[in-house]
Amino acid sequence: MQYWALINNVKVGPLSPAQILALGATPDTLVWTQGWQQWVPAASVIEFGFQTRNNYANNLPPCPDTYFAWAIVLMLMCCLPAGIVAVVYSSSVESHYTRGDYEGALKASDRAKIWCIVTFVLGLIGAPVAIFTGMPFNWFI
């Protein structure tokens, strides 16, 4: 895709993102392409590569907890099916956050936490049942 940019108050373009970056574009450089209503900072356009893992350019709060380590341990030690759900939610937290979807990251983090708790409770219920019935602990594997 070709963009126009305002670099040192001079309109340049149409150029590729790499060419605009070579001209000294910064995250605050305004860019525009056909079909857009207004000029936007280059930091908000994925093709320019200014997004950081922590999204400081977008002034987002810190990334919510992922609970990934807990989800993995609980999946292996307590209840595989519920643990898989916890792992799926916990692995989606950072992907939501890096896309700038902070609300989605919060929801995924809350759901990962809930599913970690559910997995732990099912493990607490399942262990005595397995001991009482003589069923091996690894029956679900």
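This is a predicted model: local features need pLDDT of at least 70, side-chain atom pairs count only at pLDDT 80 or more; totals for chains, interfaces and linings use all residues.
Me: How many bridges pair β3 with β4, and which residue stands opposite Val-31?

Reply: Strand β3, residues 30-32, pairs with β4 over two bridges in the antiparallel sense. Val-31 faces Val-40 of β4 across that pairing.

Me: What pattern does the protein follow along the sequence?

Reply: Start with the inventory: the protein has four helices and four strands. Read along the sequence, these elements give β-β-α-β-β-α-α-α. Of the contacts between residues at least 6 apart in sequence, 51% join residues at least 24 apart.

Me: What percentage of the residues count as buried, and what do carbon and sulfur atoms supply of the exposed area?

Reply: Of the 141 residues, 31% count as buried. The protein exposes about 9200 Å², and 64% of this area is supplied by carbon and sulfur atoms.

Me: Which residues make up the largest nonpolar core?

Reply: A core is read as a connected set of buried nonpolar residues. The largest one here has 12 residues, among them Tyr-3, Leu-15, Ile-20, Val-31, Phe-48 and Phe-50. Strand β1 (residues 3-7) gives the largest share of this core, three residues. There is also a second, separate core of seven residues, including Ala-71, Leu-74, Val-87 and Cys-116.

Me: Why do the buried residues of α2 line one face of the helix?

Reply: The general idea comes first. An α-helix has 3.6 residues a turn, so residues three or four places apart point the same way. In α2 (residues 68-77), the buried residues are Ala-71, Leu-74 and Met-75. Viewed down the axis of α2, they fall within an arc of 105°, so they line one face.

Me: What covers that buried side, and which exposed residues are on the face turned away from it?

Reply: The cover over the buried residues of α2 includes α3 (80-98) and α4 (102-133). On the face turned away from the buried side are the exposed residues Ala-69, Leu-76 and Met-77.

Me: Is Ser-92 buried or exposed, and what lies 2.9 Å from a polar atom of its side chain?

Reply: Ser-92 belongs to helix α3. Its relative accessible area is 18%, and the cut-off for buried is under 20%, so Ser-92 counts as buried. A polar atom of the Ser-92 side chain lies 2.9 Å from the backbone oxygen of Tyr-89.

Me: Which peptide bond is cis?

Reply: The angle to read is omega. The bond from Gly-13 to Pro-14 is cis, with omega near 0°. Pro-14 is in strand β2.

Me: Where does Asn-9 lie, and what is its phi?

Reply: Asn-9 is in the loop between β1 and β2. Its phi is positive, about 60°, although Asn-9 is not a glycine. Asn-9 counts as exposed, at 79% relative accessibility.

Me: Where does Tyr-67 lie, and what is its phi?

Reply: Tyr-67 lies in the loop between β4 and α2. Its phi is near 60°, again a positive value in a residue other than glycine. At 24% relative accessibility, Tyr-67 counts as partly exposed.

Conventions. Residues are numbered from 1 along each chain as its sequence is written. Side-chain values use heavy atoms; hydrogens and water are left out. Two strands pair if DSSP finds at least two bridges between them. Buried means under 20% relative accessible area, exposed over 50%, partly exposed in between (1.4 Å probe, protein chains only). Contact means heavy atoms within 4.5 Å. Accessible areas come from the Shrake-Rupley method with a 1.4 Å probe; for residues, only the protein chains shown count as cover. The arc is that of the directions from the helix axis to the C-beta atoms. A polar contact is a pair of N or O atoms within 3.5 Å; within protein, one must be able to donate a hydrogen and the other to accept it, and residues adjacent in sequence count only if both atoms are side-chain atoms. A nonpolar core is a set of buried Ala, Val, Leu, Ile, Met, Phe, Trp, Tyr and Cys residues joined through side-chain atoms within 4.5 Å.
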